[in-house]
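Here is a short note to read beside the model. Keep the structure open and take the points in order.

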Amino acid sequence: MQKKSELKTFLVSARKLINKIPKFNSKFSNKIYDNHQKMIILIFRQKMRMTYREIVKFFRFSGLARALLNLKSVPDHSTLVKFHKRMKAPLIDSLLCKKKVKTSAIDGSGFETSHMSYHYANAWNRQDKRRHRSYLKISIAICTDSQYVLSQKIRIGPRNDHIDFENVMKGIRCEYVVADKGYDSKKNRYYVLRNMGAYPHIPYRKTSGKTFERIGVPIKFNKKIYNQRSKVETVFSVIKRKYGSHILSKSFESQKKELLMRLVAYNIDRKIILTFTLVRISPEPV
């Protein structure tokens, strides 16, 4: 019963979020299924860790799920595949939680593009050993208070985290930016100070020179604020445990969109958790 209530809450929250995108791509669309319904099904697929055929089967057997999406019939799996290929990645990116926060943390991680891990493929003297480790590299910025994913940048790995710093932090409004030594550079610190109007907390490497503010005062490093950086690793851990650490799609564009929907599903789940927590701790009326 609790599981059923959780899935219902997720679909209701997803329906409110999806209202940001247009319902139809054209006035000449056949109007059988709108973009909202198909997008929610694809995001829900990431939550349930199902294939296209499995998620279609789920909606065919769940009258409640169909009622929540106003579905008179369930789209075929081929319809969902075509919609996934046709939609643009920026459209999904617009569903992320972009708002003003106090502290933002940035870090990167990798997602396997196959069920067989790189270690397994090379550890057992296999004849088809992989010469190069190829995976999906994603850098994200989060709010350390709510642990929402604010922004992202996805590439084919392996790649250095440093090159995506400005792309990920662009458009984020915050007071502090925390990152590990991999992002240590004067360029990144000056970007935070001058472009974002925030204060960087990035530890210096031994070979790194000090960065100064406009008034000539060296940037101070606050250990207490920097310790918030570990929360971005927590977010990666939750995403991989709940939604999987491997991507099913084959092409890079499809992989990118699948991972983006995984981030949206995480934000929806996170919002549900925070809302439930606030309801529980709020004082009862006298």
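1. In which sense do strand 1 and strand 2 pair, and over how many bridges? Strand 2 covers residues 135-143, and it pairs with strand 1 in the antiparallel sense over eight bridges. Two strands count as paired if DSSP finds at least two bridges between them. Look for I106, whose bridge partner in strand 2 is A141. F111 has L136 as its bridge partner in strand 2.

2. Some ground rules. This is a predicted model, where local features need pLDDT of at least 70, side-chain atom pairs count only at pLDDT 80 or more, and totals for chains, interfaces and linings use all residues. Residues are numbered from 1 along each chain as its sequence is written, and side-chain values use heavy atoms, with hydrogens and water left out.

3. Now the whole chain. It has twelve helices and five strands. Both are DSSP runs numbered from the N terminus: helices are H or I with at least four residues, strands are E with at least two. Of the 286 residues, 47% count as buried. Buried means under 20% relative accessible area, exposed over 50%, and partly exposed in between, with a 1.4 Å probe and protein chains only.

4. The sheet is open and has five strands, in the order 3-2-1-4-5, with mixed pairing. Strand 3 and strand 5 (199-201) stand at the edges with a single partner strand each, so one side of each has no neighbour in the sheet. From one strand to the next, the twist averages 20°.

5. Stay with strand 1, residues 103-111. Eight of its nine residues are buried. Strand 1 also runs parallel to strand 4 (residues 176-178), and three bridges join them. There, A105 stands opposite V178.

6. Move to strand 3, residues 149-157. Eight bridges join strand 3 to strand 2, and the two run antiparallel. S139 has K153 in strand 3 as its bridge partner. The hairpin of strand 2 and strand 3 has five residues between the strands, and Q147 takes a positive phi near 65° there.

7. Two helices lie across the sheet strands. Helix 11 (residues 230-243) lies across strand 1, strand 2 and strand 3, at about 40° to strand 1. Such angles run from 0 to 180 degrees between N-to-C directions, and axes are lines fitted to C-alpha atoms, for helices over the stretch in contact.

8. How do helix 2 (residues 35-48) and helix 3 (residues 52-61) pack? Their axes are 10 Å apart, at an angle of about 105°. That makes the two helices roughly perpendicular, a label for angles of 65 to 115 degrees. On the helix 2 side, I41, L42, F44, R45 and M48 meet Y52, I55, F58 and F59 in helix 3. By class, this contact has eight nonpolar, no polar and one charged residues.

9. Last, check L69. Its place is in the loop between helix 4 (63-68) and helix 5 (77-86). Is L69 buried or exposed? L69 is buried, with a relative accessible area of 4%. Leaving aside neighbours within four places in sequence, L69 is in contact (heavy atoms within 4.5 Å) with Q37, I40, I41 and F59. The C-alpha atoms of L69 and A14 are separated by 10.0 Å, although these residues are 55 apart along the chain.

Methods. Angles under 35 degrees count as roughly parallel, over 145 as roughly antiparallel, 65 to 115 as roughly perpendicular and the rest as oblique. Ala, Val, Leu, Ile, Met, Phe, Trp, Tyr, Cys and Pro count as nonpolar, Asp, Glu, Lys and Arg as charged, and the others, Gly among them, as polar.
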